[in-house]
Amino acid sequence: MGVHGVKAVFFDLDNTLVDTAAAGRRAIEEVVNALQSKHHYGEREARGICDKVQAKLLKECHDPTKTCITDLRISHWEEAIQETMGGEANRSLAAECYFLWKTTRLQHLTLAEDTRGMLTELRKGLRLLLLTNGDRQTQREKIEACACQPYFDAIVVGGEQKEEKPAPSIFHYCCDLLGVQPTECVMVGDSLDTDIQGGLNAGLKATVWLNKAMTTPVDTSPVPHYIISSVLDLPAVLQKMEHKVNAKLGTDCMASSNE
């Protein structure tokens with residue numbers, strides 16, 4: 001399916017194409033269960049440790065030139081265990097928790113069948129690119145786990161570039177990779193701060209915000225061109241864009257024939 005004026009669509013990965021949040025919840029439950037059954041922690045302590053780790057992940061600042069992501073994240077677990085339980089640091093238990101969390105999360109990261117079908121159809125008329133922020137190792141492992149490579153003409157990971165979303169440079173790099181202009185591209189993602197703001201910063205033709213909860217953004221948020229509640233609604237948005245272009249072309253033709 002081709003759309004007048006649109007040659008490429010950029011997709012975010014986490015919580016756009018794959019439900020990373022749900023996979024993360026499953027992973028946390030596995031760790032809680034292991035801490036209780038294998039290490040005899042109370043549920044309150046086990047959940048307290050996991051809550052602390054999730055808070056650390058949200059605030060995480062990773063410099064790959066100084067430490068690898070594995071060491072950093074084992075340290076999150078180590079600190080969380082010590083903060084919750086006191087006593088000596090337990091690196092081996094921290095490593096066990098981290099690898100259980102990571103393995104379980106990757107196992108539950110899947111590209112749904114209907115999403116695969118949509119991408120396959122879109123790619124018949126458009127170039128598709130996956131654009132994800134994050135650490136190189138972490139994101140490449142997710143990409144492999146959900147086996148999404150065959151559906152894209154190119155994959156760009158923020159951690160491998162000089163700048164991540166919302167910097168215009170990474171979007172322009174994506175355009176160059178596909179041989180298209182920013183005004184011929186659409187960005188689809190769940191983050192107003194990175195996906196939508198980034199698409200606007202880079203001067204893309206349109207931004208499409210995936211807002212599953214259909215919450216109302218605050219007044220100061222960047223304003224997306226379109227809002228959808230499911231990524232499967234994207235083809236309808238592209239169709240709407242085509243109708244707009246066709247209507248404009250029709251108006252322009254009428255205007256020129258009246259001159």
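## Lining of the largest cavity

In this predicted model, the largest cavity is lined by Arg73, Tyr98, Trp101, Lys102, Arg105, Leu106, Thr138, Glu141 and Lys142. By class, 5 of the lining residues are charged, 3 are nonpolar and 1 is polar. The volume of this cavity is about 60 Å³.

Two helices, α4 (91-107) and α6 (136-145), each contribute at least two residues to the lining of the largest cavity. The largest share, 5 residues, belongs to α4.

A search of the whole structure finds 2 cavities of 30 Å³ or more. The second largest cavity holds about 30 Å³ of space, and its lining is formed by Ala34, Leu35, His39, Glu96, Cys97 and Leu100. Two or more of these lining residues come from each of α1 (20-37) and α4.

The helix α4 provides the largest share of the lining of the second largest cavity, namely 3 residues. Sorted by class, the lining of the second largest cavity comprises 4 nonpolar residues, 1 polar residue and 1 charged residue.

## Summary

Helix α4 gives the largest share of the lining of the largest cavity, and α4 also gives the largest share for the second largest cavity. The lining of the largest cavity includes 5 charged residues, whereas that of the second largest cavity includes 1.

Terms used. Residues numbered from 1 in each chain as written. Predicted model: local features only at pLDDT ≥ 70, side-chain atom pairs only at ≥ 80, totals over all residues. Heavy atoms only, no water. 1 Å grid on protein atoms, 1.4 Å probe; cavity = no way out; pocket = protein on both sides within 12 Å on 5 of 7 lines; lining within 4 Å. Points joined across faces, edges and corners; volume = space filled by probe spheres on them. Helix = DSSP H or I, 4+ residues; strand = E, 2+ residues; numbered from the N terminus. Nonpolar A, V, L, I, M, F, W, Y, C, P; charged D, E, K, R; others polar.
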